[in-house]
Amino acid sequence: MEKKFTSLDRYFSCKAKYIEPDRYRNLLTLDNTKKYIAQGSGISYVPASFGRSSQVINLRSFDRILYFNKDEKNIVVEGGITIGKLYNFLTQHKLCLPVQPGHPQITIGGCIACNIFGKNQVRHGLFSASVIEIQLYHPLHGVLSLSGDENSEIFELTCGGFGLTGIIISAKLRLSHIEGDVITHNIKVDNLLDTFNALNDLRDKSDLLYTWNDLSTFGRKFGRGFIVSGNFSRSNPALRESHSFKELAPHNTKLFNPRIFNRVTTSLLNNVYFIQNTRLRPNREISFFEFSYPVADKILYFNMYGKKGFIEQQILVQRDACEEYLREFESLVKQHRPLVVLCSCKAFSGKRKLLNFNGDGIVLSIDVPNLQGYKDFFVQLDLLNIKFSAIDNICKDSRITKEVVREQYKEGYDEFKERLHGFDPKRLFVSELSERLGL
Amino acid sequence: MKSLIIGASAGLGRALSEVLASKGHELFLVASDARDINPMVSDLSYRYKTRVYGCDLDLRDFSPNILYEKVHSSIGEIDNLFLVAGISFLERDFAQLSVEEIEQIINVNFLSCIKIVSIFLKDLTNSANKNCVGIGSVAASRARNRNTTYAACKKGLEFFFSGLKHLTANTNLKIQFYRVGFLDTQLNFEQKSLIPKASPTFIAEKLYKGLGKDIEMRYLPWWWAGIMFIYKMIPWFLYKRIGVVDLRS
């Protein structure tokens with residue numbers, strides 16, 4: 001069966017062959033001469049779960065809990081289980097995954113393949129820190145057990161390997177206690193530099209820490225925003241067991257979907273959002289679900305970019321280069337004046353390995369409509385990132401080229417590619433992303 | 001309630017297992033592959049906190065006595081028997097099927113069901129509130145030149161259920177038989193149809209709601225009754241021109 005696929009940012013679409021096995025005998029008997037790519041919910045920002053030359057293997061039927069130990073706080077689940085399904089089960093036991101993505105529809109296989117980061121990367125690191133063991137299927141190798149002790153090189157390659165090492169059949173995950181709802185305080189900031197400094201001050205003190213900045217207004221107000229600093233209300237774990245949410249469906253494009261974001265609407269919406277969060281409700285209590293999945297009820301946001309979608313850049317700037325980077329970033333934005341609809345920052349801590357999005361510094365994320373006129377801005381931004389040894393999140397940017405990734409990730413890129421080709425000389429697992437990056 | 005589901009690992013059987021577990025039924029699940037049934041058992045037990053057991057069984061060749069013993073030694077006497085398992089080779093029939101494949105279709109869709117009903121009949125008739133549910137197919141509504149062996153088995157099963165209903169008329173056993181239309185499952189994955197495919201969960205909910213009732217034959221989803229009424233009304237001189245197969249090819 002052939003099906004049309006679109007990345008969440010709508011930057012890329014293509015048709016690909018598609019199967020949806022529902023039994024292990026269909027999943028574990030793949031022909032080792034064809035190209036494949038595994039797909040969970042298929043809602044990655046980038047075309048990581050499909051490709052023109054690959055057969056998409058959807059894993060939605062492999063979504064079961066295989067083992068659970070409440071006392072030891074670990075669980076074994078199939079790769080296709082969604083974070084939302086897992087959330088509904090774990091909250092009954094007052095447990096959760098330490099690192100969670102922004103939307104409950106994302107699968108465990110997707111979290112591992114992109115090695116995602118959560119709400120507090122400084123405290124919990126990347127998703128791989130919660131992965132104890134993986135069962136991986138590859139037509140050339142059969143089913144392999146991967147962990148820190150067994151096939152550790154493949155384990156490392158699979159966590160953040162964009163699904164290129166094979167199909168994640170199941171994973172054993174470490175869990176942590178839920179401490180309750182979250183009380184947030186919004187702290188007003190005047191510009192991006194203040195934001196970066198405040199993030200560095202608060203990074204070890206908050207359970208939840210991110211910022212919202214307005215880059216749609218130039219002049220005095222450029223970069224103003226607020227820092228959302230939250231802590232668990234340890235006395236009040238008012239957990240609801242299950243939640244509903246709207247599903248993301250990037251592959252079902254609407255016939256009529258005009259772009260709502262323009263200079264006027266964005267500026268207006270940002271002003272309203274700023275006032276709402278700094279004056280009307282600067283302090284509030286949010287549920288653990290809302291804390292975990294901030295994107296769950298923001299489906300409309302993605303549609304407001306219209307048919308052509310948007311480009312997201314998530315840039316990790318090294319801590320010691322922040323000030324200088326910001327100065328040049330601001331002048332670049334002011335010079336090219338792209339319509340930055342969303343800008344958000346997070347503190348980061350860790351050591352980069354292979355193609356993982358990790359390091360010590362601040363992550364700056366921007367969402368910009370996908371317009372032809374902004375091409376030059378992104379080229380200049382790539383050069384700026386290379387100049388300051390900043391890295392772009394490969395799982396968020398559908399546009400980034402092989403050359404730029406190579407320059408940014410340097411030996412990480414070469415080592416990843418070398419190890420991947422060593423493990424899979426036939427390179428059976430291929431996606432649009434891997435082809436674009438020459439992997 | 002204690003329910004035995006034959007063909008529980010995928011499609012309608014899997015959805016039915018989920019629905020029954022969510023309603024608190026104790027389950028014994030049967031499917032052909034342990035790799036599929038074991039994850040079902042663990043998942044449903046953990047999520048619904050109910051007793052779930054299972055075993056792998058090749059319906060092409062099995063001993064009903066061994067199945068009976070396994071079920072009895074785990075959940076005991078059953079209240080509901082669901083016969084969901086099915087197999088078909090959609091694109092091939094008659095001479096295109098090997099003798100082994102024909103046997104496979106007959107054994108899985110027809111013979112195994114009769115064997116299982118016969119062995120569990122004593123359990124099902126000895127007290128009140130028990131159900132025996134058979135799953136047929138809209139393909140059995142009117143014979144045609146495709147999928148005929150499968151449809152014949154389903155028609156045979158329907159006939160068997162009618163007999164069963166007659167046999168158990170003076171007992172408390174309730175018999176339900178459904179002709180199910182296209183489902184959104186792996187079996188029909190590549191099938192293109194103007195008629196929408198029903199969600200297995202939707203059908204499973206209907207099967208659950210039907211428990212406790214006597215249903216000789218009902219179409220699921222209901223609109224198939226209208227479609228099949230019209231289909232059966234097509235006169236032979238027109239019908240014979242539909243989907244003509246060249247026997248020489």
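1. Are Arg399(A) and Asp382(A) buried or exposed? Both are buried, where buried means under 20% relative accessible area, exposed over 50% and partly exposed in between, with a 1.4 Å probe and protein chains only. Please keep in mind that this is a predicted model, in which local features need pLDDT of at least 70 and side-chain atom pairs count only at pLDDT 80 or more, while totals for chains, interfaces and linings use all residues. Residues are numbered from 1 along each chain, chains are lettered from A and ligands numbered from 1 in the order written, and side-chain values use heavy atoms, without hydrogens and water.

2. Arg399(A) and Asp382(A) meet in a salt bridge at 2.9 Å, N to O; the term stands for a side-chain nitrogen of Lys or Arg within 4 Å of a carboxyl oxygen of Asp or Glu. Asp397(A) also meets Arg399(A) in a salt bridge, at 3.0 Å, N to O. Asp397(A) is buried, because its relative accessible area is 0%.

3. Now for another pair: Lys396(A) forms a salt bridge with Glu312(A), with 3.8 Å between the closest N and O atoms. Both of these residues are buried. Over all chains, the structure holds 31 salt bridges.

4. Next, the rings. A search of the whole structure finds 41 aromatic pairs over all chains, meaning rings of Phe, Tyr and Trp (its six-membered ring) with centres within 6.5 Å; planes under 30 degrees apart count as stacked, over 60 as edge-to-face and the rest as tilted. Phe218(A) and Phe222(A) are stacked because their ring centres are 5.5 Å apart and their planes at 15°.
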